[in-house]
Structure formats: structure tokens, C-alpha cells
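Me: I am new to this structure and would like to learn how to read its features one at a time. Could you take me through them slowly, giving the general idea before each case?

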Amino acid sequence: MKRKRGFRAFCGTFLALTVFFAGQPVQPRAQAFSDVPSGIWYAAAVEDLVDRGIMKGKDPDTFAPQGDVTRAEFVTMLARTALGEGELNEYNYKGPFSDVWAQGWANKYINWVSEAGITSGAGGGRFNPDRLVTRQDMAVLIVNYANAMGLELPAVRPPRSFKDGGSISSYAKSAVDKCSRAGVINGDDNGNFRPGGYATRAEAASMYSRFLSAAQSAGYDITRKRMNGTAITAVHFDPYDYDAYVGLGRDNVHGAEGAPSLFDRVGAKIAVNAAFFDFDSYEPYGTIVDAGRIITTYNQFSPAKTSIVMDFDGRFSIENFSTDISAKLCKPDGTETSAAQLGVNRYPAHSGDGTRLIYTSDWGERLGFSAKYAAVVSEDGTVLDVYRDSDVTIPYHGYVLAQRGPRQYDNFLPKVEEGDYIELDTYYNGSSTQDIYLAIGVGPKLVQHGSAYGDSGTYADEGLSSIGGYGDARRVCIGVRYDGSLVILTAYASLPELSSIMVAMGCESAVNLDGGGSTNLYVNGRWLYGPTDRALNSVLYFK
């Protein structure tokens with residue numbers, strides 16, 4: 001259910017450009033380096049990168065255009081594109097490479113590209129920071145950076161065969177081709193690429209400036225940085241640019257399916273694991289609504305339990321509500337009988353449980369238990385069949401209204417007969433909107449009215465006192481920013497830390513999702529976290 005918006009869509013595009021260069025120091029125009037003649041082929045690129053704070057001169061007066069570029073110097077350019085120097089100072093720690101000195105000038109830049117997954121080094125626990133970077137490795141690093149940061153390199157020209165294409169290493173062929181087709185790299189006057197050759201500073205500046213001009217937002221922004229020592233990975237996007245859905249494992253309320261299979265099957269572009277669930281039954285601990293249809297209800301701890309909600313206009317919010325479903329039985333003679341507090345697609349607590357429950361095809365083909373009373377109801381509310389002490393087949397369209405055990409003074413289901421009419425009514429008690437298109441009960445709440453929210457008392461109120469909120473763990477959350485855009489973020493943190501991070505990310509409200517072994521965050525064919533081994537019950541996805 002995609003909702004397009006004019007002004008906000010424009011703002012989203014502007015925001016993408018703003019975020020892409022967020023944190024870059026504001027600098028004056030490039031200095032008039034004595035060794036960069038005005039109008040020379042690389043002058044504009046040097047000016048571009050110096051003005052952005054991505055490259056610097058060798059000293060105040062010279063750029064050294066014919067100088068070499070080391071691996072450390074090139075990844076520094078990548079890091080400075082993504083983050084400002086203040087943010088990069090979070091990476092001043094001893095990293096994973098034995099040949100990168102913790103006090104060295106390039107340490108923080110190398111740590112960032114390593115943590116962002118752009119490079120794993122040169123092998124053997126080394127980075128080789130002072131080794132000159134080859135032209136083919138620059139292409140690989142540029143493509144890896146684009147992938148890590150959610151940028152696209154559109155093909156603007158056909159594939160090109162370099163005369164020395166056979167010398168391009170197998171690991172670099174795809175990256176070289178992508179950069180070539182995007183207009184980022186060119187061959188020399190003889191049609192060679194010189195993959196193992198070394199680029200001068202002028203060549204590196206020209207190549208990288210062309211990359212920045214060619215790179216486009218893929219419709220979302222990815223953030224990879226540290227905040228107060230905590231490494232975060234987040235995707236930020238405008239939900240109005242997508243259709244939003246809830247996906248169920250094996251398309252079943254109590255289904256279990258691995259994240260790669262589930263995300264691929266539903267065709268997700270952005271996806272994250274959703275509701276908590278019972279490890280034994282795989283039933284979700286939360287009300288789920290998809291396309292305006294209630295998939296399952298869970299009113300325990302409600303309305304304290306928090307849900308991520310989208311209305312029929314595509315607006316997201318975070319709500320606390322219980323789902324009140326009532327039924328009215330209408331007889332042909334005009335008499336009516338009412339019943340309240342119906343549930344949806346939940347297994348009865350025990351054989352004597354008299355709760356009235358609605359079962360749809362999301363539950364499965366049959367109830368899976370012998371119902372004391374059951375009525376098969378069509379989509380328009382007409383009772384098609386009634387059963388006693390029987391398991392019942394669930395229609396693909398319509399539903400079964402059943403109770404497993406008897407109720408004292410029961411005057412509803414025992415009275416239902418074929419040809420009667422049942423009218424259902426739903427009220428989301430506590431929600432700011434009744435116009436709910438999508439909802440997933442999760443929790444606990446992390447941000448409310450733009451401020452950090454939650455403590456042991458609120459976690460307990462939501463039925464999550466055992467979540468270990470004050471200990472560090474792998475967690476994932478979703479937040480709604482003031483402009484209506486969404487942030488989905490994963491970090492190894494405590495819930496209070498996560499609350500502070502989501503406030504710093506500009507969220508007006510935010511809520512924790514199922515974390516730990518369930519954590520999976522997927523964007524456009526790439527895993528920002530995961531895939532994990534645990535099968536999932538439900539996911540929130542956008543396509």
C-alpha cells in the first residue's frame with residue numbers, strides 16, 4: 001500500500017544528499033596549491049575533494065599531484081566521506097590489525113573501514129597501511145564502500161574491454177567493470193587499465209571525485225558509526241516510498257522460517273525481524289495486523305505493550321493498545337445476541353478453555369483441536385456450517401468461530417445455527433488511531449515524545465521484565481522521526497543506551513524489537529546484521 005507524497009518525497013531526496021555528506025567539515029574553497037595549475041585536468045577534482053575535507057594538501061602550499069597514494073591514505077578518503085572528524089575520533093582504539101599502531105594518524109580511519117565491512121585487511125591480521133594502493137584495489141574499495149553505505153553506481157556506458165583486462169585479478173573484475181560502466185574509471189591513451197599499477201594523487205582525486213558525482217541514493221541511507229563507544233548500523237528511509245507488510249514464517253501464525261528464505265520469498269527490499277514468539281509453539285507474543293486484517297491478538301500486558309503501527313494513509317506511529325473484538329449474532333427472526341472479548345488465531349490455554357476465538361487461514365488448514373462449539377462463517381458474515389465436539393476445516397476465505405471448552409451461562413455459540421449472520425466489530429483500545437493498516441506488538445518502548453523512555457518498571461509493565469534491559473546484548477529497534485521517516489537500527493547495547501542512541505538519531509518515538517538470536521537486518525540484498533541461525537516467526541518488510 002504505497003502512498004506517494006510530493007513535498008515529502010522532495011525532502012527525502014534532499015535528506016539523502018544531506019546525510020551522505022553529513023559531518024563533513026565546512027571549509028573554504030580549495031587553496032591555490034602552487035603545484036596544481038588552474039585548468040589542468042585534475043584541478044577541479046582536487047578542489048572538489050579538498051573543499052569537502054576528503055583530501056588535504058601535503059602542506060599549506062602544495063598538493064603533490066604526482067605523489068603516491070597508500071592504502072591508509074585511500075581508506076582515509078572513504079572514512080572522511082562517511083563521517084566527520086569528530087565522529088571518527090570514536091575509532092581511536094587499537095584495532096584488529098597487528099601493523100596498525102593505535103597512536104598512528106591513520107588508525108581511526110582504518111578502524112572505521114574495517115568495522116563498516118569495507119575491507120578485512122591484507123590477510124594474516126595485517127592491513128599493510130603503507131603499501132601503495134593499486135588501481136584495481138581502489139575500484140574494489142569504492143564498490144565496497146558504495147555497497148556498505150547503500151549507494152548505487154548506475155551504468156551510464158556499455159561494458160568496456162581493456163587491452164590488459166586479462167591482468168585484472170579475479171577478485172577485482174566485477175568492481176572494475178562496475179566502476180568502468182559508471183564512468184568512475186577510464187583507461188589510458190593506449191586502452192589499458194593498468195590494474196596492478198599505482199595511481200598518483202591526481203589520478204586518485206579524479207577517480208574519487210567521479211565516484212562521488214556518479215553515486216546515487218538507493219532510496220535509503222545507511223549509517224555505520226559509533227556513538228559513545230557503541231557501534232551502530234542503521235537504515236533510514238521514507239516509508240511512503242515503499243509498500244509495508246508483515247511476513248509470517250511459512251505464511252502461518254505459528255510458522256518458523258529462516259530469515260534468508262523468508263526475506264527472499266516475500267521479495268523484501270528492507271526487512272527486519274519483528275515480534276517476540278514462544279520458542280515451543282512459535283506463536284507470537286503480540287497483536288499483529290497486516291493489510292487491515294487482524295492476524296493474531298495478544299492482549300496480555302496490554303495496553304502497556306507497545307506496537308509499531310501504520311495507518312491506511314501510510315503514517316507510522318508507536319502505540320499502546322489492547323484489541324477489543326466483539327461479535328453480534330443476528331437471527332433471521334431479528335433477535336440479536338452479543339459476545340465480547342474474542343481472540344484471533346491463538347491456541348486455547350487448556351481443554352476446558354471457553355475463550356471464543358476466531359480462526360482464519362493464517363492459522364492453518366484446521367483448528368488442530370476438538371472444539372466444543374464451532375461455526376464456519378463466510379466473508380460476508382453468513383454462518384455456513386455448525387459443529388459440535390469436532391475439529392474443523394478453516395475456509396481460505398471467511399473464518400471459524402470456535403471455543404474449545406464450555407462456558408457457564410453460555411448463550412452465544414451454542415445458539416448459532418446455519419443461516420444466521422455474525423457481525424464483528426474491532427476497537428483498538430488506547431490507540432491514537434483506529435485506522436490501523438499494519439501493526440506488530442513488540443516492546444519495550446524506548447523513546448516517547450523525543451525523550452529517552454523506559455526503566456525496569458515500564459519493561460515489566462510490558463511483560464518484558466526478563467529481557468535483561470540493563471545488560472549489553474544484540475538488539476534491534478525501529479524509530480519514527482519527526483518528519484515521518486523511519487530508522488531501523490541494530491547495536492550491541494543496553495536498552496537505556498539504545499534509547500539515547502535513538503533520540504540522537506532524531507526519533508520522536510522508538511520501540512525495541514525481538515533481538516538476540518532473532519536479530520536480522522536486511523537491505524537490498526545485503527545483510528546489515530545476520531543472517532542468524534534462528535528461524536523467525538514474523539518480519540516487518542518493505543518492497
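Me: Are Lys 331 and Asp 420 buried or exposed?

Reply: The general idea is a set of cut-offs: buried means under 20% relative accessible area, exposed means over 50%, and partly exposed lies in between, with a 1.4 Å probe and protein chains only. Here both Lys 331 and Asp 420 are buried. Please keep in mind that this is a predicted model, in which local features need pLDDT of at least 70 and side-chain atom pairs count only at pLDDT 80 or more, while totals for chains, interfaces and linings use all residues. Residues are numbered from 1 along each chain as its sequence is written, and side-chain values use heavy atoms, with hydrogens and water left out.

Me: In what kind of pairing do the side chains of Lys 331 and Asp 420 meet?

Reply: Side chains of opposite charge can pair when their charged atoms come close. The term salt bridge is used for a side-chain nitrogen of Lys or Arg within 4 Å of a carboxyl oxygen of Asp or Glu. Lys 331 and Asp 420 form such a bridge, at 2.8 Å from N to O. This pair links distant parts of the chain, 89 residues apart, since Lys 331 sits in the loop between strand 11 (322–330) and strand 12 (336–339), and Asp 420 in the loop between strand 17 (399–403) and strand 18 (421–429). Helices (H or I, at least four residues) and strands (E, at least two) are DSSP runs, numbered from the N terminus.

Me: How many salt bridges are there by this rule, and which residues are joined into one network?

Reply: The count comes to 20 salt bridges. Through bridges that share partners, Arg 80, Glu 85 and Lys 108 are joined into one network.

Me: How far apart in helix 2 are Arg 52 and Asp 48?

Reply: Arg 52 and Asp 48 are 4 residues apart in helix 2, so about one helical turn separates them. Their side chains meet in a salt bridge of 2.7 Å, N to O. Arg 52 counts as partly exposed, at 22% relative accessibility, whereas Asp 48 is buried, at 18%.

Me: How should I read a nonpolar core, and how many residues has the largest one?

Reply: In soluble globular proteins, nonpolar side chains tend to be buried together. A nonpolar core is a set of buried Ala, Val, Leu, Ile, Met, Phe, Trp, Tyr and Cys residues joined through side-chain atoms within 4.5 Å. The largest one here has 65 residues, and those with the most contacts inside it include Phe 74, Trp 112 and Tyr 208. Among the helices that each supply at least two residues of this core are helix 3 (71–82) and helix 8 (201–214), while helix 6 gives the most, with 9 residues.

Me: Which residues is Tyr 208 in contact with, leaving aside its neighbours within four places in sequence?

Reply: Contact means heavy atoms within 4.5 Å. With those neighbours left aside, the partners of Tyr 208 include Leu 49, Phe 74, Met 77 and Ile 142. Apart from this core lies another, of 48 residues, among them Val 235, Met 310, Phe 316 and Leu 540.

Me: How many disulfides does the count give?

Reply: A disulfide is a pair of cysteine sulfur atoms within 2.5 Å, and by this rule the count comes to 0. Cys 507, for instance, is in no disulfide, and the nearest cysteine sulfur, that of Cys 477, is 7.3 Å away. Cys 507 counts as buried, at 1% relative accessibility.
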